[in-house]
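Reader: I have a model open and would like to go through it with you. Can we start with the terms and then take it piece by piece?

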Amino acid sequence: MEEIRQSDKATARFAPVDRAVNSGIDEPKAKVAPLGGLEHRPGTLYVAVLTGGGDRPYALGLAATLISQGVAFDFIASDELDDPELHRSPLVRFFNLRKEMRSNVPPVRKIVRVLLYYWRLLVYAVTAKPKLFHILWNNKFAILDRTLVMLYYRAIGKRIVLTLHNVNAGQRDGNDNFVNRLTLRIQYLLADHLFVHTEKMRAELRNGFGIAEKNVSVIPFGINSTVPNTDLTSSESRERLGLAASQKVMLFFGNIAPYKGLEYLIDAVALLAQRSADYRLVIAGRPKNCEAYWKEIQRRLSSRELRSCVTQRIEYVPDAETEIYFKAADVLVLPYVHIFQSGVLFLGYNFGLPVIASDVGSLREDIVEGKTGFVCKPRDAIDLAKEIERYFSSELYRRLNARRQEIRNFANQRYSWTRVGEITGGVYRSVLAKR
């Protein structure tokens with residue numbers, strides 16, 4: 001969400017919330033305003049949303065739709081998720097238990113702040129009024145969160161719903177093992193209900209972890225609308241990135257990891273560069289726990305034919321600068337080799353940017369051929385190059401300025417947060433109604 005100035009009235013109303021937020025480990029709940037009595041009104045849902053402290057687009061998107069659905073909730077978050085809109089609503093009690101999460105701090109400080117966070121979380125849980133906890137992400141220690149923390153929540157009488165953005169990230173990242181699968185299965189079995197984003201994910205839960213389909217709901221991913229979208233134009237964006245108006249610009253955006261298949265896109269661009277000097281690839285993001293893989297990517301990028309047609313921004317891209325990349329590009333490319341769903345796809349759709357994606361996971365289901373993008377074979381640089389050429393010769397590219405709004409309309413309708421809120425609220429009521 002864009003930053004909005006808090007009014008004096010809103011600040012006064014949530015002053016008790018601020019005291020509880022800043023009270024550290026001693027008063028996780030004692031002086032929080034009682035939501036105007038909403039949690040005591042018949043028919044009003046009152047839950048706790050445990051964010052894990054990150055994923056600002058999804059956490060704030062869900063918060064906004066719960067507010068629109070009239071759901072009262074405690075929002076367990078961090079500095080990163082502290083948004084003025086949350087303090088405006090009488091339905092929300094904001095608990096900044098995670099506080100700051102910067103990575104560039106001494107190791108000792110990291111350890112202390114994580115331990116303090118777990119202590120605050122456990123104290124909050126045992127004193128919390130909501131009977132239902134909705135976990136969006138686990139915290140720092142996955143095995144601990146999947147087992148002992150889940151057992152703790154159940155022991156103190158909490159019902160649990162869990163959103164899965166990945167069924168088994170270990171399998172995706174190539175580091176799956178017995179302990180990983182066992183602890184995942186324990187967490188999935190301890191939860192009362194699970195949310196996933198695709199039917200394939202529900203099938204994986206059934207076939208791989210023995211989870212009954214009745215305990216799993218498929219919800220849309222929810223369009224990413226939290227990043228700023230100003231009046232910045234495409235030509236202004238290209239000027240900032242040093243790109244020419246005549247260039248055919250492809251964008252690879254987000255964390256860099258082996259499962260994203262960047263090497264196949266680089267090889268495809270090398271093939272295209274032999275045929276035309278107009279192609280330009282922009283890589284915007286940073287490597288994530290893949291030193292050897294990133295060294296191989298750098299080796300490929302150092303070749304003579306690629307130096308003049310690749311722009312690299314190897315860094316974390318803050319929300320305020322995200323629009324520059326998506327407005328400068330002609331197409332987003334997702335050459336993934338393993339994934340169920342991609343938040344980058346929906347970020348692109350939010351800016352009306354077409355996509356070329358590998359046929360993995362459920363990506364094909366989210367792309368309308370010739371209307372919102374094209375699909376290529378996974379792990380195949382030749383086929384990817386062919387689809388890129390196909391896109392740049394298509395009507396979709398020739399009428400890109402007009403099609404951007406059509407793509408935004410398509411995404412806002414199909415991946416509506418309103419629909420997410422309706423399904424989520426229904427599950428909350430169903431889980432709380434069980435004896």
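Author: Terms first: helices (H or I, at least four residues) and strands (E, at least two) are DSSP runs, numbered from the N terminus. This is a predicted model, where local features need pLDDT of at least 70, side-chain atom pairs count only at pLDDT 80 or more, and totals for chains, interfaces and linings use all residues. Residues are numbered from 1 along each chain as its sequence is written, and side-chain values use heavy atoms, with hydrogens and water left out.

Reader: How many helices and strands are there in the protein chain?

Author: The protein chain has 19 helices and 13 strands.

Reader: And what pLDDT does the chain average?

Author: The average is 85, and 90% of the residues score at least 70. pLDDT is the predictor's confidence in each residue, from 0 to 100. Over residues 1–34 pLDDT stays under 50. For that stretch the model has 61 contacts beyond four places in sequence, a contact being heavy atoms within 4.5 Å.

Reader: What share of the residues count as buried?

Author: 54% of the 435 residues. Buried means under 20% relative accessible area, exposed over 50%, partly exposed in between (1.4 Å probe, protein chains only). As for contacts with a separation of 6 or more, residues 24 or more positions apart account for 70% of them.

Reader: Which residues have the most contacts inside the largest nonpolar core?

Author: Phe75, Leu251, Phe253, Tyr325, Phe326, Leu332 and Tyr349, in a core of 70 residues. A nonpolar core here is a set of buried Ala, Val, Leu, Ile, Met, Phe, Trp, Tyr and Cys residues joined through side-chain atoms within 4.5 Å. Apart from that one lies another core, of 34 residues, including Trp294 and Phe392.

Reader: Back to the bigger one. What does Leu251 touch?

Author: Leaving out residues up to four places away in sequence, the partners of Leu251 include Val282, Tyr325, Phe326, Leu332 and Leu353.

Reader: Tyr325 again. Which helix contact is Tyr325 part of?

Author: The one between α10 (residues 234–241) and α14 (residues 319–328), whose axes come within 8 Å and cross at roughly 105°. The axes are lines fitted to C-alpha atoms, for helices over the stretch in contact, and angles run from 0 to 180 degrees between N-to-C directions. So α10 is roughly perpendicular to α14; angles under 35 degrees count as roughly parallel, over 145 as roughly antiparallel, 65 to 115 as roughly perpendicular and the rest as oblique. On the α14 side, Tyr325 is joined by Glu323, Ile324, Lys327 and Ala328, while α10 supplies Ser234, Ser237, Arg238, Arg240 and Leu241.

Reader: New topic. Where does Ala77 lie, and is Ala77 buried or exposed?

Author: Ala77 sits in the loop between β2 (72–76) and α4 (84–88). Ala77 is buried, because its relative accessible area is 1%. Its C-alpha atom is 5.8 Å from that of Thr51, 26 residues apart along the chain. Beyond four places in sequence, Ala77 touches Thr51, Phe95 and Lys99, among others.

Reader: What is the phi of Lys99?

Author: Positive, about 55°, although Lys99 is not a glycine. Lys99 is in the loop between β3 (92–95) and α5 (107–127), and counts as partly exposed because its relative accessibility is 23%.

Reader: And Asp55, what phi does Asp55 have?

Author: Also positive, about 55°, and Asp55 is not a glycine. The loop between β1 (46–50) and α3 (56–68) holds Asp55, which is partly exposed at 28% relative accessibility.
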